[in-house]
Amino acid sequence: MRISHRLPAAGYRLLLFATIACAKPPTAAPEGERAVVRQPVGPVPGVGELPSAPNPLGNNRDVLQEGRRLFVQYNCSGCHGGRAGGGMAPSLRDRIWIYGSSPDHVFNSIAEGRAHGMPAWGTRLTDRQIWALTAYVQSLRTKDEPEAPKP
Ligand code: HEC
């Protein structure tokens, strides 16, 4: 008599508990599902361009020729394409500079390397060679470019 009286109440409580437990969705996203943010190392935009030093070698024909020769000799073209027009690495002929276009930015890209596959050349090349490469890279698309592709 007593037992049969209590049973429905216990069953009801169990049902209520089950409903609450199942209805509650998980609040936090599962581990490892965070959005991937591409974050370049190097100059960070925001504070405006800092004053930039000029290329100490200048950009006369000899310097540009030397840069062109190094570009081929060190196989920059293997990744950036023959006239630096792009390959598995981004074009250096277009107007887009991921890491900045000033001489010191370009110098740093070459010397320090960049996050997504650009090797650092600072230990293999002298500063002079890197400045010559910088001058060459900056001459692309201009009338001063040595051995420019035929239009
Ligand atoms: C192994 C392939 C590879 C070689 C060899 C290579 N690069 Fe790169 N380079 C890259 C990649 C990939 C990037 C883009 C890196 C990134 O987005 O973080 C890059 C980026 C750059 C940038 C920056 C471009 C920008 O938009 O800011 C410059 C400048 C550059 N390379 C010059 C050179 C020079 C000069 C050489 C030869 C001494 C060279 N690279 C050799 C793969 C290469």
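How many helices and how many strands does the protein have? It has five helices and zero strands. The model shown in these views is predicted.

View 1. Read from the N terminus on, the elements of the protein follow the order α-α-α-α-α. The protein has 151 residues, and 19% of them are buried. Contacts between residues at least 6 apart in sequence can also be sorted by their separation: 65% of them join residues at least 24 apart.

**View 2. Helix α5 and what covers it.** Helix α5 is built from 13 residues. From its first C-alpha to its last it reaches 18 Å, close to the 18 Å expected at 1.5 Å a residue. Its buried residues are Ile130, Trp131, Ala132, Leu133, Thr134, Ala135, Tyr136, Val137 and Gln138. The elements that cover these buried residues include α2 (61–73) and α4. After α5 comes Arg141, with a positive phi near 75°.

**View 3. Helix α4 against α5.** The buried residues in α4 are Pro103, Val106, Phe107, Asn108, Ser109 and Ile110. Part of their cover comes from α5. In turn, α4 is among the elements that cover the buried residues of α5. Just after α4, Gly113 has a positive phi of about 75°.

**View 4. The largest nonpolar core.** This core has 18 residues. The members that touch the most other members are Trp131, Ala132, Leu133, Ala135, Tyr136 and Val137. Helices α2, α4 and α5 each supply at least two residues of this core. The most comes from α5, with seven residues. As a general background, nonpolar side chains in soluble globular proteins tend to be buried together.

**View 5. Ala135 and its contacts.** Which residues does Ala135 touch, not counting residues up to four places away in sequence? They are Asn55, Leu57, Asn59, Val63, Leu64 and Gly67. Ala135 is one of the buried residues of α5. It is also among the residues of the largest nonpolar core that touch the most other members.

View 6. Is Met88 buried or exposed? Met88 is exposed, because 9 other C-beta atoms lie within 10 Å and a residue with 12 or fewer counts as exposed. Gly87 has 13 other C-beta atoms within 10 Å, so it is partly exposed. Gly87 and Ser77 are ten residues apart in sequence, and 8.4 Å apart in space from C-alpha to C-alpha. For Met88 and Gly78 the separation is likewise ten residues in sequence and 8.4 Å in space, C-alpha to C-alpha. Leaving out residues up to four places away in sequence, Gly87 touches Cys79, His80 and Gly81.

View 7. Asn75 is found in the loop between α2 and α3. Its phi is positive, about 55°, although Asn75 is not a glycine. Ala84 is found in the loop between α3 and α4. Ala84 is not a glycine either, and its phi is positive at about 65°.

Key:
Residues numbered from 1 in each chain as written. Predicted model: local features only at pLDDT ≥ 70, side-chain atom pairs only at ≥ 80, totals over all residues. Helix = DSSP H or I, 4+ residues; strand = E, 2+ residues; numbered from the N terminus. Expected span 1.5 Å × (residues − 1). Buried ≥ 20, exposed ≤ 12 C-beta atoms within 10 Å, placed from the backbone. Contact = placed C-beta atoms within 7 Å. Core = buried A, V, L, I, M, F, W, Y, C linked by C-beta atoms within 7 Å.
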